[in-house]
Amino acid sequence: MLDITQYVVLAAVIVGATELLNRIRGRDWWVVCTILTAVVIGALFGAVGYYPGLDVAEGIALGFGAAGALKGLSILGNK
C-alpha cells in the first residue's frame with residue numbers, strides 16, 4: 001500500500017511523462033529538451049550516488065516528477 005507522498009510522486013511522474021509525449025507530438029522541442037534535461041539530471045544524481053539511497057531509476061522518476069509538478073502548478077496557476 002502506498003502512502004500519500006508516494007501517490008503524489010507517482011501522479012507527478014505520470015503527468016511529467018505524458019507531458020513529454022504531448023510536447024513531442026506537438027513538436028514543441030524546447031519543452032521536450034527541458035523535460036529531458038530534468039530527467040538526465042535526476043539520472044546523473046542517481047548514478048553518482050549524490051544522495052544516499054537514490055539510484056538511477058529513482059533519479060529518472062524524480063526528473064519526470066519535477067516536470068509533472070511544474071505542469072500541475074501551471075494548471076493551478078491558470079485557474
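Phe45, Tyr50 and Tyr51 form a cluster linked by ring pairs. Rings of Phe, Tyr and Trp (its six-membered ring) pair if their centres lie within 6.5 Å; planes under 30 degrees apart count as stacked, over 60 as edge-to-face and the rest as tilted. The count by that rule is three aromatic pairs.

Some housekeeping. This is a predicted model, in which local features need pLDDT of at least 70 and side-chain atom pairs count only at pLDDT 80 or more, while totals for chains, interfaces and linings use all residues. Residues are numbered from 1 along each chain as its sequence is written, and side-chain values use heavy atoms, with hydrogens and water left out.

Now the charges. There are three salt bridges, each meaning a side-chain nitrogen of Lys or Arg within 4 Å of a carboxyl oxygen of Asp or Glu.

Take Glu19 and Arg23, bridged at 2.6 Å, N to O. They sit four residues apart in helix H1 (residues 4-25), so about one helical turn separates them. Helices here are DSSP runs of H or I, at least four residues, numbered from the N terminus. Glu19 is buried at 10% relative accessible area; buried means under 20%, exposed over 50%, partly exposed in between, with a 1.4 Å probe and protein chains only.

Glu19 also bridges to Lys71, closest N and O atoms 3.9 Å apart. That pair links distant parts of the chain, with Lys71 in helix H3 (residues 56-77) and Glu19 in helix H1, 52 residues apart.

Arg23, in turn, bridges to Asp28 at 2.4 Å between the closest N and O atoms. Through shared partners, Glu19, Arg23, Asp28 and Lys71 join into one network.

Technical notes:
Helices (H or I, at least four residues) and strands (E, at least two) are DSSP runs, numbered from the N terminus.
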